[in-house]
Structures are given as C-alpha cells and as structure tokens.
Amino acid sequence: MQIIEVKDEQAGGKVGFEIFKEALADNAQVFGLATGSTPITIYKELTASDLDFSDKISINLDEYQGLAGTHEQSYRHFMEEHLFNQKPFKESYVPDGLAEDSKAQTAHYDALIAEHPLDLQLLGLGQNGHIGFNEPGTPFDAQTRLVDLTPSTIAANARFFASEDEVPRKAFSMGIGSIMKSKKILLVAYGENKAQAVADMIEGPVTTDVPASVLQNHDDVIVIIDEKAASKIKNRNLITTIA
Ligand SMILES: N[C@@H]1[C@@H](O)[C@H](O)[C@@H](COP(=O)(O)O)O[C@@H]1O
C-alpha cells in the first residue's frame with residue numbers, strides 16, 4: 001500500500017487526478033467509480049481537465065435500492081451531476097435501484113464486470129470501514145448483491161436526505177471479490193471521523209470486521225488521506241507526505 005498524506009481535500013483532488021491521468025496514459029479502459037463526498041474534488045479536477053474518457057467505460061460501485069436514477073439522492077444522479085454530464089464516458093454503468101428482480105440485476109452487474117475488467121477502482125471509506133456498501137461481516141469473495149445497510153451507515157448518510165427515515169435501508173453493491181480484481185485501487189479518506197477506519201485498514205488485522213483491511217492483500221493500492229484521517233496511524237514511516 002502506498003499511503004499519501006495531503007494537506008486537504010483540494011490537494012487530495014489533485015493527487016487523485018494525477019492517478020487517473022497516469023491510468024489513462026497506461027491505457028486503462030475501465031474505471032470503477034465511487035460516490036460520497038470524498039471523491040468530489042477528484043471529479044472537479046477531472047471535469048476541469050482536458051482528459052478524454054469518451055471511449056472508456058465506467059462502472060459504479062453501488063446504488064440505493066428503491067431510488068430511481070433521476071432521484072436527487074440516487075448515485076446515478078450524483079455521478080451525472082459531478083462527472084458524467086461534463087465528462088462523458090462511452091458507457092457508464094450504475095446498478096438500477098428500481099430493478100424488480102434483484103437476483104437478475106446482480107447477476108447482470110457481475111457479468112458486466114467480468115466482461116469489462118476494472119483497471120482502476122476508486123473507493124471512499126465508510127466510518128465503519130466499509131467499501132462500496134460492503135458492510136462489516138461481508139465475505140471477501142462476495143459478488144454484487146443487495147445488502148442491508150447498517151444503522152451507522154444509515155445515520156452517516158442521513159445528512160443527504162430530509163430525515164433519517166428517508167434513507168433507503170438497502171443498496172446494491174459491487175462485491176469485495178470484484179473490487180479486489182481491479183488492477184489498481186485508489187482509496188481516499190478525509191477527516192477525523194475516518195481516522196479509526198483508516199488505521200484499522202492499514203495497520204489492523206485483515207478481517208471481515210473491517211472490510212477495507214482486505215486491501216492489505218492487494219498489490220497495487222494507493223491511499224490518499226488528509227492529516228486528520230491519518231491521525232491514528234501509529235507507524236508514521238508508512239506515510240509519504242505531500243505538501
Ligand atoms: N456507499 C458509499 C461509500 O461508497 C462511501 O465511500 C461512503 C463514504 O462517504 P463520504 O465520502 O461521503 O464520507 O459513503 C457511502 O456509504
């Protein structure tokens with residue numbers, strides 16, 4: 001794992017942007033994308049740039065069950081607003097939150113990922129160590145499935161909804177098994193409330209209790225964190241600081 005500490009989210013956006021740029025130069029074709037507040041500064045850098053993704057494919061990690069892609073809080077809508085409208089890809093896949101047959105939909109998503117192997121997967125980090133919507137306890141070989149969100153995830157995401165009651169209780173999520181098959185993984189985390197999950201991910205045991213700890217088993221992972229998110233890492237030698 002290469003761990004890069006940056007001053008703030010703006011600086012993190014610039015470093016993240018460079019990693020996307022390098023991936024394009026390395027002929028990456030398929031980009032695994034993430035939602036949440038964390039990737040926004042990377043998407044800002046991408047939309048402001050002249051990088052061209054119009055012949056590339058994007059596959060998003062997850063989507064709330066029950067929300068149409070046009071719903072303001074759907075992840076499809078988030079991606080259109082923050083990236084796709086300004087920087088279109090040839091094809092962009094996000095799970096369909098309204099799929100009636102969830103088994104058919106998850107099988108379809110796995111087939112998509114198998115057909116388009118991920119070159120670079122971007123990840124945020126849940127406060128409980130989740131990646132995508134792979135909550136603690138998720139097996140490391142999990143494929144795409146419909147998951148029950150934990151109370152802490154529902155509470156953490158309530159800030160985007162009028163009230164906690166409106167947060168969907170279930171979501172479709174790409175599995176850890178698929179995430180781990182990506183050639184390269186970029187995980188980004190900012191702020192004090194991510195510090196424990198970051199330390200557990202990097203220095204803790206590899207355990208399904210902390211889904212992101214599985215990344216210790218991947219040989220090409222870059223982690224971008226700010227000072228606050230880095231504050232609980234014990235071995236400072238692990239960290240490269242970029243001013
Ligand atoms: N499913 C998403 C995750 O993919 C994201 O990483 C996490 C953190 O979000 P934020 O970046 O807003 O802290 O939130 C949600 O639960």
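Helices α1 and α2 are oblique to each other, and I'll start with that pair. This is a predicted model, so treat what follows as computed.

The axes of α1, residues 9-25, and α2, residues 40-48, cross at roughly 60°.

Which residues of α1 meet α2? On the α1 side there are Glu-9, Gln-10, Gly-12, Gly-13, Lys-14, Gly-16, Phe-17 and Phe-20. On the α2 side they meet Thr-41, Ile-42, Lys-44, Glu-45 and Leu-46. Sorted by class, this contact has four nonpolar, five polar and four charged residues.

Last, the chain as a whole. Its secondary structure comes to seven helices and eleven strands. Along the principal axes, the C-alpha atoms fill a box of roughly 50 × 40 × 35 Å. The radius of gyration is 17 Å. A compact globule of 243 residues would have a value near 18 Å, so the chain agrees with that expectation.

Methods. Residues are numbered from 1 along each chain as its sequence is written. This is a predicted model: local features need pLDDT of at least 70, side-chain atom pairs count only at pLDDT 80 or more; totals for chains, interfaces and linings use all residues. Axes are lines fitted to C-alpha atoms, for helices over the stretch in contact, and angles run from 0 to 180 degrees between N-to-C directions. Helices (H or I, at least four residues) and strands (E, at least two) are DSSP runs, numbered from the N terminus. Angles under 35 degrees count as roughly parallel, over 145 as roughly antiparallel, 65 to 115 as roughly perpendicular and the rest as oblique. Two residues are in contact if their C-beta atoms, placed from the backbone, lie within 7 Å. Ala, Val, Leu, Ile, Met, Phe, Trp, Tyr, Cys and Pro count as nonpolar, Asp, Glu, Lys and Arg as charged, and the others, Gly among them, as polar. The radius of gyration is taken over C-alpha atoms; the globule rule is 2.2 Å times the number of residues to the power 0.38.
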